[in-house]
Amino acid sequence: MTQVEDCIFCKIANREIGSEIVDERETAIAFRDVNPKAPVHILVIPKKHIPQIKDLGPDTCEIMGDIFSLINDIAISEGISQTGYRVICNIGEEAGQEVDHLHFHLMGGRFMMWPPG
Ligand code: AMP
């Protein structure tokens, strides 16, 4: 597994630091956000260190399949698949990306504003 030293999400994926893991696939893992902004707030990440969407390509199709398979299954298991939910990926400074390891926020359990602030 490709790991970047000092990447907190690499450490979570490798279970070097604790987190509330919800589910995983061979190439992706989902865990609860430590500072939730909605009743359901789960982060879904590749286990391999991929910084941003721009770093995806034909060689990462399996990873993206695993990520969206997790998102679909977790939306069902968290009881938000019928009521609605949001999948967010912040890319770069102006979008507010804090952790430089690709991650998708799966958020639900409340009404959301549009557009996001
Ligand atoms: P972003 O601003 O899109 O980079 O989102 C990073 C998210 O990671 C934030 O919602 C943080 O609350 C969350 N986060 C940071 N550290 C941890 C951690 N150790 N465990 C779980 N979530 C974390």
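**Around the ligand**

In this predicted model, 17 residues surround the ligand. The closest are Asp33, Gly96, Glu98, His103 and His105.

What kinds of residues make up this shell? The shell divides into 7 nonpolar, 6 polar and 4 charged residues.

Now look at single contacts. Start with Asp33. An N or O atom in the Asp33 side chain is 2.5 Å from an oxygen atom of the ligand. Move on to Val34. Here a polar backbone atom is 3.1 Å from a nitrogen atom of the ligand. Then find His103. One of the polar side-chain atoms of His103 lies 2.8 Å from a ligand oxygen atom.

How much of the ligand does the protein cover? On its own, the ligand has 500 Å² of accessible area, and the protein covers 86% of that. The ligand sits in the largest pocket.

Which elements give two or more residues to the shell? They are helix H1 (8-13) and strand E2 (28-32). Helix H1 gives the most, with 3 residues.

Next, turn to the aromatic rings. The structure holds 2 aromatic pairs. One of the pairs joins Phe9 and Phe31. A pair of aromatic rings is described by the distance of the centres and the angle of the planes. For Phe9 and Phe31, the centres are 5.3 Å apart and the planes stand at 75°. Planes over 60 degrees apart count as edge-to-face, so this pair is edge-to-face.

Where do the two rings lie? Phe9 lies in helix H1 and Phe31 in strand E2. The pair therefore ties together parts that are 22 residues apart in sequence. Helix H1 and strand E2 are also the elements that give two or more residues to the ligand shell.

Terms used: Residues are numbered from 1 along each chain as its sequence is written. This is a predicted model: local features need pLDDT of at least 70, side-chain atom pairs count only at pLDDT 80 or more; totals for chains, interfaces and linings use all residues. Side-chain values use heavy atoms; hydrogens and water are left out. A residue is near a molecule or strand if one of its heavy atoms lies within 4 Å of it. A polar contact is a pair of N or O atoms within 3.5 Å; within protein, one must be able to donate a hydrogen and the other to accept it, and residues adjacent in sequence count only if both atoms are side-chain atoms. Accessible areas come from the Shrake-Rupley method with a 1.4 Å probe; for residues, only the protein chains shown count as cover. On a 1 Å grid over the protein atoms alone, a cavity is a set of points where a 1.4 Å probe fits but cannot get out, and a pocket is an open set with protein on both sides within 12 Å along at least five of seven lines; lining residues have an atom within 4 Å of a point. A molecule sits in a cavity or pocket if more than half of its atoms lie within 2 Å of its grid points. Helices (H or I, at least four residues) and strands (E, at least two) are DSSP runs, numbered from the N terminus. Ala, Val, Leu, Ile, Met, Phe, Trp, Tyr, Cys and Pro count as nonpolar, Asp, Glu, Lys and Arg as charged, and the others, Gly among them, as polar. Rings of Phe, Tyr and Trp (its six-membered ring) pair if their centres lie within 6.5 Å; planes under 30 degrees apart count as stacked, over 60 as edge-to-face and the rest as tilted.
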